[in-house]
Amino acid sequence: MRITNGMMTNNTLSHINLNKLNVDKYSTQESTGKKIQRPSDDPIIAIRALRFRSQLTEISHYLDKNVKDAESWLSLTEEVLSGVSDTLSSMQKYLDQGANDPLDTQDRGAVIKTLKGYRDQIYQDANYDFAGRRIFSGYKTDTDMIFATNENVKYQITEQLNYNDFDTISKVFNKVDISNGPEYIDSSTNDTDAAANNGKPSPDDKTDIHRLRLAYEGLITDKNGVVSPADFTLSPQGILTENGDACTMTVVAPAADGKYYVDGDPTKAEVDPYRPGDNEIYVLSDTGEVIFGVDAYKAYRNEPITVTYTKTGFDKGDLRPEHFFDCTRYKEDGTTEDVKFDSHQQDINYTVNFNQKLKVNSEGKNFFSHDVIRDLDDLIDGLNELELIEDKIKNIDKMIADPGYAGEEDQKKLKSMKEAAEKERALQGDIVQKGYEKSISLYSKHQATVDAEIADIGSRDSRLQLNKTRLTNQKTTLEDLKSSNEDINLPETIIQLSAASMVYDASLSAASKVITKSLLDYL
């Protein structure tokens with residue numbers, strides 16, 4: 001084969017170019033730190049790089065966003081609930097003080113004032129938010145747990161109750177009436193106590209009053225305070241008692257004179273709200289209590305009970321019904337439905353690892369119970385009753401000292417009246433003290449519920465930290481794999497670049513010798 005000068009020149013230039021490409025290749029690798037610059041350089045490396053980078057992007061998203069947000073949410077929730085638990089613990093200490101015999105009504109009133117402050121603090125804590133979202137309100141993260149102001153809004157509320165929701169309370173009956181002084185006393189009776197109590201039996205207490213206490217008071221009334229019995233339903237209805245009688249339900253409410261009447265109507269029958277007939281059920285619209293007669297209680301105690309009622313008007317600090325019950329909110333006209341709410345579980349889950357989700361929220365309905373409010377309301381009501389009785393005794397003392405009642409007969413009646421009132425005070429004082437003792441146990445249970453939620457948060461946080469550790473380890477492993485797949489070995493690349501440069505220089509030197517002669521030099 002004949003080799004021409006042109007062929008030698010072309011081959012030499014081709015080899016120089018190849019050597020130059022090698023120099024450029026290693027120079028680029030040294031500058032970028034990467035093995036390839038385009039997928040065509042090495043498809044295998046390119047495919048692996050895409051896979052590693054995709055996985056690293058997901059892991060970085062979990063670690064830097066989801067896990068971090070979940071940690072913040074859980075941490076804030078635990079911090080708030082720990083404060084609530086401490087508050088409930090403090091309340092129990094004050095309740096223990098209130099249960100002590102030496103405390104008088106004024107001292108117990110001071111205790112109540114402190115307890116109300118603690119209670120208000122608990123429900124302020126219920127409105128905590130995380131990044132603008134309420135942490136205890138389920139999916140309704142833009143809605144407070146409590147009413148921030150007094151609102152004249154109407155809700156129809158459905159509560160599901162059972163045997164565990166029944167409790168037993170005590171009330172003082174046959175109270176002394178001093179509204180008309182000794183002139184009102186029936187002196188025809190030979191019973192001194194009865195005479196002192198307007199011919200009624202002596203004050204006594206009844207401790208087997210069975211009731212269901214609803215979440216709210218001031219029920220089934222419109223904005224003008226008018227009772228609307230048709231807006232209250234209790235099911236099942238008409239259960240038969242052991243005697244074969246059907247249980248009946250009646251709505252009762254106080255009228256302007258302070259006495260209770262059927263439907264709150266003074267033209268209808270007056271009733272004692274805490275003394276229904278054996279097969280009767282009284283609904284007290286003002287207090288939100290459902291009082292069962294003896295036989296009615298036996299008939300209903302093992303039944304699941306559904307109570308539906310309407311409430312118009314909520315005070316500042318009241319819990320919003322939509323976070324706790326199936327309910328319907330009405331527009332301002334009070335008849336047009338606005339929004340329906342249901343009380344199904346509302347878990348907010350974050351994806352914290354591949355195919356792994358973690359619940360980050362805690363629903364306030366599980367521990368910010370209405371009972372925390374209502375249990376204290378019972379104490380307040382009992383103490384108010386005791387204060388009224390003590391005021392009654394003071395008024396009797398004033399009548400005894402009044403010259404207008406200086407007569408022997410009036411003095412005798414007034415002293416008998418005072419004895420009956422003091423008995424009434426002793427009975428009510430005992431009820432108040434036992435109420436404090438009972439409340440210690442109730443608030444201990446409230447605290448146990450909060451502590452159980454804190455423990456559950458701790459368990460979820462442990463799972464989160466475990467996933468965080470795994471993700472961190474996975475990220476480190478993937479970064480190592482990604483680096484070994486994409487990144488150059490710098491010392492090795494420098495050596496290769498140096499060798500390629502030497503080869504390139506040598507090829508240039510050789511080329512200068514090859515192409516120095518031409519055909520003309522031989523002619």
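Residues are numbered from 1 along each chain as its sequence is written, and side-chain values use heavy atoms, leaving out hydrogens and water. In this predicted model, local features need pLDDT of at least 70, side-chain atom pairs count only at pLDDT 80 or more, and totals for chains, interfaces and linings use all residues.

Student: Which residues of strand β11 point the other way from E289 and I291?
Tutor: Strand β11 covers residues 289-292. Strands are DSSP runs of E, at least two residues, numbered from the N terminus. E289 and I291 point one way, and the other way point V290 and F292.

Student: Which residue stands opposite F292?
Tutor: Strand β5 (residues 204-213) runs antiparallel to β11, joined by four bridges. Two strands pair if DSSP finds at least two bridges between them. Opposite F292 stands H210.

Student: What is the bridge partner of Y282 in β11?
Tutor: Strand β10 (residues 280-284) pairs with β11 in the antiparallel sense. The two form a hairpin, with G288 in the turn. In β11, the partner of Y282 is I291.

Student: Why does K359 count as buried?
Tutor: K359 is found in strand β16 (residues 356-359). Buried means under 20% relative accessible area, with a 1.4 Å probe and protein chains only. K359 counts as buried because its relative accessibility is 19%.

Student: Which side chain makes a polar contact with the side chain of K359?
Tutor: A polar contact is a pair of N or O atoms within 3.5 Å; within protein, one must be able to donate a hydrogen and the other to accept it, and residues adjacent in sequence count only if both atoms are side-chain atoms. At 3.4 Å, the partner of K359 is D347.

Definitions and conventions. Buried < 20%, exposed > 50% of the residue type's maximum accessible area, 1.4 Å probe, protein only.
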